[in-house]
Amino acid sequence: MQTKACLKTFVTVTGLTALCVAPVSVSATLMVLAVGSILSHVVRVLLPARKTKVVRDRAAAEFQLAYRQWEARVIAHDQMERARQASAMLWHPVHLGSRPGRVDVFGGTCDGWASMLTTFGTSLMRSGCQVMVLDFSEEHIAGGMERLVTAHGLVTHFELPAEVHRFNVLLGLEADELADMLSQALHTIRRSEGQMDARVLDTDLLQTVTGLLDGQPTFRRLVAGLEVLRRTYDLSAEGLLTAAEITRLTARVDTIGQTEHVQRELQFLISSLNLLAWEERGGTPQVDITKQARSLWQPASLTVVTTSHSQHHRKHLLDHVVFQRLLHDMRHRSSNSEGNVLVVAGADNLGLENVEALAKQCRRIGVRLILFIERLRGDLKELLGSSDSAAILMRLGNAQDAAAAAEFIGRGHKMVLSQLTDQVGRTFSTSVGYSSGHSDSTSWTKGSTVTKGTSETRGTSDSEGTSESTGTSDTEGTSQTWGTSKSASTNFSRSKNKSVTDARTRSWQDTANVSLADNTGHSSTQARVYEFTVEPTTIQALPTTAFLLVESSSAGRRIVLGDCNPGIVLLDHVAGPFPTSSAGSTSCPPPCGSSHRSRARPEVGSPNTARPRGSLWTRLVDAFHGRDAAAPTPSAAPNSLERRDDPDTET
């Protein structure tokens, strides 16, 4: 009898479900189950992978699009940044926010002083200011500025003592004023302290002589009058004094006394004034006194007074006399001089007392004072940081001067590299090992099998048949058969087995390990220190036209590094000037000041970008007189300049 089975199987292929009901054999059923299991696993793996690939491709496309957009933005930003850097201003005007009444310039060379004076002096004059330069340096630092404005006839230049016929320092003074001026000048050059009594006596003696002389006094006449008081006047000499003057002076001999102290002071006055009277011995051109200048302040835009002499003592005394005459003119000047600028170059030997007196008079009448001092030493160091002042420090080659300047600038906390460590090492190691072993094993296997079976066959058969035929004859018959069969069999079997296994193993091992390692280490350490903001060696190595501006205002202390080279205004990337004062105002911009934001640069190829040709001074003169529209004029020249590599960074 054949065994049948009915199997109901669900087969899923690529998302389709089919119901199969069929009578199959057991082996076919197992095969179908295996195939279905494999197909379901393949579908579970391939279908998510296909979906993942689609998502990944879409994400990759979106990323590539975003990357190209980002790259385009980066390129556009870089182009804009390069254009901004190309058009940015690198040099900006330096403006003094506190608007101090005095600016002290310490250090520097004559070339540096001339550059600074030319840079801000020309812009001040174009703003309507009157500038007076008192030059004791014998280097003619105002020569460049004079060449810029001399074509307009706006310059008045006195060179003393060579041009004493144009300006006489003794002209226009009363007897007491002349005596006070000369005694103050002589008192300044005295080296010893505590000479107030000598100063008073000098004033009294000079006032006695000037009060008894007729006409215009000169240094030779003053010396002759003092000789009369000392009873050493030679009557046979050239007639410097009239008989009446000699008579009046002789009558005062007994009044002033003949003590040793008086005689010593008379000798000092005669010896000192003889240094200046010597210049009058050669004779001076006869000029109308009414046409001589009666004041160092002239109505010209630029007034320059220089002193020079081959002998040091005469030059030294002349400087003090000219300075005292200037101080006298300042005391008698009205207070409506606001906006004018006074420059004193070579003020090292004037003394702190005289400089402070001049600064006081300048504040009273509204004149801005600029002092050029070669060395930062002596009592002039007290000018640093004084009220209503700003300091400009140029190159100071002396170590003590540079240290004093660095101390004035100040100290601050900062992080500096304090330690560097480099470590280099190598490691080498070797190891050798040996190992051996053996094992013995024995296994026993014993088994028994018994088979017993019985079979029985039983069968029954039954058959019955009938036959009938019709024809010429009639036949009928019946047959029946019945039978039974039975058989039985029995079988029995038994088997035994036994096995023995004997195993033996042996192992050995030799090992050798070699290692080589190199290691390198670098480390750095920073420490917080309190040191100079600007080192003294930096001040000693400043370029000729470079300077450090130190200013204190309500906004705090400010230190700016700048350059006053006048040729910078002819370069590209120079910012424009600060806004000028309103119409009708007489105030001028201060010599230096805070940074000014840059203005837009003209487009490339425009006429304003054409650079002037010719020598530096020719181009500056053309610019000052407006003969070259393409060249920046001194009015557009910054008073002093600072360099910014990054235009967005404040100094």
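This is a predicted model: local features need pLDDT of at least 70, side-chain atom pairs count only at pLDDT 80 or more; totals for chains, interfaces and linings use all residues.

User: Why is the contact of Asp319 with Lys315 called a salt bridge?

Analyst: The closest N and O atoms of Asp319 and Lys315 are 2.5 Å apart. A salt bridge requires a side-chain nitrogen of Lys or Arg within 4 Å of a carboxyl oxygen of Asp or Glu, so the pair qualifies. Both residues belong to helix 10 (residues 312-331), where they are four residues apart, about one turn of the helix.

User: How do you know whether Asp319 and Lys315 are buried or exposed?

Analyst: Buried means under 20% relative accessible area. Asp319 has 9% and is therefore buried; Lys315, at 6%, is likewise counted as buried.

User: What makes Arg375 and Asp401 a pair that ties together parts of the chain?

Analyst: Their side chains meet in a salt bridge, at 2.4 Å from N to O. Arg375 is in the loop between strand 9 (368-373) and strand 10 (389-393), whereas Asp401 is in helix 12 (residues 399-409), so the bridge ties together parts 26 residues apart in sequence. Asp401 is buried, with a relative accessible area of 3%, while Arg375 is partly exposed at 25%.

User: Why does the contact between Glu531 and Lys414 count as a salt bridge?

Analyst: The N to O distance is given as 4.0 Å, and the cut-off is within 4 Å, so the pair is counted. Glu531 lies in strand 12 (residues 474-532) and Lys414 in strand 11 (residues 411-470), so the pair ties together parts that are 117 residues apart in sequence. Lys414 is partly exposed, at 32% relative accessible area.

User: Which residues form the patch of negative charge, and what makes Glu356 partly exposed?

Analyst: The patch gathers Glu353, Glu356, Asp379 and Glu382 on the surface. Glu356, placed in helix 11 (residues 352-365), has 44% relative accessibility; this value falls between the limits of 20% and 50%, so Glu356 counts as partly exposed.

How values were computed
Residues are numbered from 1 along each chain as its sequence is written. Side-chain values use heavy atoms; hydrogens and water are left out. Patches are made of residues with over 30% relative accessible area and no salt bridge: like charges are joined within 9 Å, nonpolar side chains (Val, Leu, Ile, Met, Phe, Trp, Tyr) within 5 Å. Accessible areas come from the Shrake-Rupley method with a 1.4 Å probe; for residues, only the protein chains shown count as cover. Lys and Arg count as positive and Asp and Glu as negative; His and the chain ends are not counted. The place of a charge is taken as NZ of Lys, CZ of Arg, CG of Asp or CD of Glu. Helices (H or I, at least four residues) and strands (E, at least two) are DSSP runs, numbered from the N terminus. Buried means under 20% relative accessible area, exposed over 50%, partly exposed in between (1.4 Å probe, protein chains only).
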